[in-house]
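Work through the exercises below with the model open. Each gives a task and then a solution in steps.

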Amino acid sequence: MNPVSMQLVTIIAEHVLREPIAADLRRLGARGYSVGEVEGEGTRGVHAQDWQGRNLRFETVVTREVAGRIMDHLAGTYFHDYAVIAYATTVEVVRSEKFT
Amino acid sequence: MTTTELLRANLLSPIVLSFALGIMARVVRSEFALPKDIYLGISIFLLWALGLQGGIELRHSPLQAIAGPAVVTILLGCLTPVSAYLVLKRIGRFSAADSAAMAAHYGSVSAVTFIAATTFVKSQGMEAEGFMPTLLTLLESPGIAVALAIGAVQTNTGGRPVREVLHEVLTGRTMVLLLGGLMVGFLIGDQNWQVIQPFYDTKGAVFRGLLCLFMLEMGVTAGARLGDLKKVGGFLLGFGMIMPLLHGALGVWLGHIAGLSIGGATVLGTMAASASYIAAPPAVRLTLPQANPTYYLTSALVITFPFNLLVGIPVYFQLARWLGGTP
């Protein structure tokens, strides 16, 4: 099995955005994602639910094209009003057909 | 008992002192905090017990006794967000989004403040009507819906579809546990209730004990936000104390007119005076994202909640006694 280069998109977001972002990822072409709770601090300070739920970290492995779509969508929809950051890194995966 | 004596008795109650200790722990930067999951678990227990017991009591309440109080409760749910919005927008000069966001919190109700009021009334040797938890569920949603509707119109952002917002408020933890508890309690009947009563009884040791633990963590949470008081300014500080008094007085008066007992009118007044901080924040955050969370969380949790706990509840009780003819 030869490893193939793909994009790992990581999104750190407020807890309230769990459902909207999960739906966005599927709609924009991600075949799957992982999500977990994380703690930390950022430039925005207060989060609407930070005492009820921690921040979320979404991770999804996608093609370069889908990664671009996801980043554009996040920037246009959430960056202005919500505490959200997103970054993409190149990763080597096996069984690349799982992700496309 | 004079108002001063009532206030003193209230200050020395286990609930209030637990809350105060929580704040102190945070002020001295203690590492103490209840694990999130335990805190969440206790809140589930409290709401579920409240719903179950309310359901049992509902079986024993004739429909005509509930009708009047139910009508004034819904009326309160529609009035309080509007009054809060107008005061914030016109006098406080807050933006439409910020005003509507805060109005949603003040229009809805805080279940923990409700529990504190019920406990206080009992400590004074009185009883609120058994169907009060039913009124609590009635007051939870309208305020949020009205305020978010004002926000959507005033800020001219279509926002999310009404269906989505309603779904979120109606399927939230508070609603499912309270409304579900009411139904289950109503259905199981007295015989089944007797088996589980020692565990779920809201007058019992388990409930009261866990409530103290919950208040300890509420204190830690409020204490962590004390610094935000500087950010919100003097107006909001005054608003967070005066608005509850006005809404509380209105609630006590309407409760009295609707035929509630002194205990019941006190609890209804407290419900009207309280600001939601469990159901409202996520709904508001998603619907009015441009509103500043520091304003609505600080006013609801750091100003109004402690104010009602320490001062508000005894004042509404005194008012209800005065209206009820026992000064």
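**Exercise 1. Which residues of helix 2 of chain B are buried?**

Conventions come before the solution. The model is predicted, so local features need pLDDT of at least 70 and side-chain atom pairs count only at pLDDT 80 or more, while totals for chains, interfaces and linings use all residues. Residues are numbered from 1 along each chain as its sequence is written, chains are lettered from A and ligands numbered from 1 in the order in which they are written, and side-chain values use heavy atoms, with hydrogens and water left out.

Step 1. Locate the helix: helices (H or I, at least four residues) and strands (E, at least two) are DSSP runs, numbered from the N terminus. Helix 2 of chain B covers residues 14-27.

Step 2. Apply the burial cut-offs: buried is under 20% relative accessible area, exposed is over 50%, and partly exposed lies in between (1.4 Å probe, protein chains only). The buried residues in helix 2 of chain B are Ile15(B), Val16(B), Ser18(B), Phe19(B), Gly22(B), Ile23(B) and Ala25(B).

Step 3. Find the cover. Helix 1 (3-11), helix 6 (111-123), helix 10 (205-224) and helix 14 (293-323) of chain B are among the elements that cover these buried residues.

Step 4. Check the length. The expected span is 1.5 Å times one less than the number of residues. For the 14 residues of helix 2 of chain B, the first and last C-alpha atoms are 20 Å apart, close to the expected 20 Å. Just after helix 2 of chain B, Arg29(B) has a positive phi of about 60 degrees.

**Exercise 2. State how far helix 6 of chain B is enclosed, and check its span.**

Step 1. Twelve of the 13 residues of helix 6 of chain B are buried, so this helix is largely enclosed by the rest of the structure.

Step 2. The buried set includes Ala111(B), Phe114(B), Phe120(B) and Lys122(B).

Step 3. The end C-alpha atoms of helix 6 of chain B lie 18 Å apart, in agreement with the 18 Å that 13 residues should span.

Step 4. Beyond the helix, Gly125(B) follows with a positive phi of about 75 degrees.

**Exercise 3. Describe the packing of helix 11 of chain B against helix 12 of chain B.**

Step 1. Axes are lines fitted to C-alpha atoms, for helices over the stretch in contact, and angles run from 0 to 180 degrees between N-to-C directions. Helix 11 (residues 229-257) and helix 12 (residues 262-273) of chain B have axes 7 Å apart and an angle of about 145 degrees.

Step 2. The crossing of helix 11 and helix 12 of chain B is right-handed. A crossing is left-handed if the near helix is turned anticlockwise from the far one by less than a right angle, and right-handed if clockwise.

Step 3. Contact means heavy atoms within 4.5 Å. Helix 11 of chain B contributes residues including Pro244(B), Gly248(B) and Gly251(B), and helix 12 of chain B contributes residues including Leu268(B), Gly269(B) and Ala273(B).

Step 4. Thr304(B), in helix 14 of chain B, is buried at 0% relative accessibility. Beyond its neighbours within four places in sequence, its contacts include Pro244(B) and Ala273(B).

**Exercise 4. Give the order of elements in chain A.**

Step 1. Chain A contains two helices and four strands.

Step 2. From the N terminus, they run β-α-β-β-α-β.

Step 3. Of the 100 residues in chain A, 42% are buried.
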